[in-house]
Amino acid sequence: MLYGQSGGGLGDRTDYSAGFAPVAIIVGDLDGDGRLDLAVANHDGNTVSVLYGQPEGGFGGRTDYDVGVWPMDITAADFDDDGRLDLAVINNESNWGDISVLYGQPEGGFGGRTDYGTIYCPSQIVAADFNGDGRPDVVVSNAETGKEVCVFFGQPGGALGGRADYSLSYEGTGIATADFNADGRLDLTVRRPCGGLARRGENVYTDPMLLDVAGALEALPDLSVSGQSRADARQTAR
């Protein structure tokens, strides 16, 4: 950790211990005390380490939680709508790929782990409300073939369900969300390893497009959940 200095720049490094082979980290107020905490996915340890922000600054009170085999990425959202953040971790080797959800507990910490099978060798997870029902959903990308993404929709009570898999015509792993066409619905971009983006939108996905680095626009197969395509993709050249 390098802390911002009053005169600008960053100060001396402070190291904090996590688990074995950490691969992903998120920041959030995980215990509701108004201070930022850290959650770290530990690939070879098959755990998540939570480090709590301290009143005097810094992090302490590390607690490790078991997840699946070879966790790869982590995200946080209030899946069960109790006002506390929960953690969702994708595991690369559990049952060929699954999601472990750890729910924030009233007394602090996390428990109630629930695992959900997902696509083969998941590599990245993002939580967002894709269908506009007020509950967080998750989308997962594939590390092995990279030619599909998987969406789980948040259910009442905090479960994940309604799984939908979407194929891509190319390999892509990095994912991000935003309302790119300003229609009030979240869209999804999938990064191509050789450069470019594929866009999905319209409720969950519509008018899938490929935007390459040079700015050329190429149509991909329509994977619209609602069955209605949108033809107003906007090209942004670099």
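Reader: Which residue is the bridge partner of Ala127 in β12?
Author: Val138 is the bridge partner of Ala127. Bear in mind that this is a predicted model.

Reader: How many bridges join β11 to β12?
Author: Six. β12 covers residues 137-142, and the two strands run antiparallel.

Reader: What sheet are they in, and in which order do the strands come?
Author: An open sheet of four strands, ordered β11-β12-β13-β14, with antiparallel pairing. β11 (122-128) and β14 (160-167) are the edge strands, and each pairs on one side only. From one strand to the next, the twist averages 20°.

Reader: Switching to the chain. How many helices and strands?
Author: Zero helices, 19 strands.

Reader: What share of the residues is buried?
Author: 46% of the 238 residues. The chain exposes about 11100 Å², and carbon and sulfur atoms supply 49% of that area.

Reader: And contacts? What percentage join residues at least 24 apart?
Author: 32%, counted among contacts between residues at least 6 apart in sequence.

Reader: Now confidence. What is the average pLDDT?
Author: The chain averages 80, and 76% of the residues score at least 70.

Reader: Where is confidence lowest, and where highest?
Author: Lowest in strand β19 (residues 217-219), at a mean of 31. Highest in strand β4 (residues 37-42), at 98.

Reader: Over which residues does pLDDT stay under 50?
Author: Residues 196-238. The model has 118 contacts beyond four places in sequence for that stretch.

Methods:
Residues numbered from 1 in each chain as written. Predicted model: local features only at pLDDT ≥ 70, side-chain atom pairs only at ≥ 80, totals over all residues. Heavy atoms only, no water. Buried < 20%, exposed > 50% of the residue type's maximum accessible area, 1.4 Å probe, protein only. Contact = heavy atoms within 4.5 Å. Areas by Shrake-Rupley, 256 points an atom, 1.4 Å probe, with all protein chains shown as cover. Pairing = 2+ DSSP bridges. Axes fitted to C-alpha atoms, helices over the stretch in contact; angles between N-to-C directions. pLDDT = per-residue confidence, 0-100.
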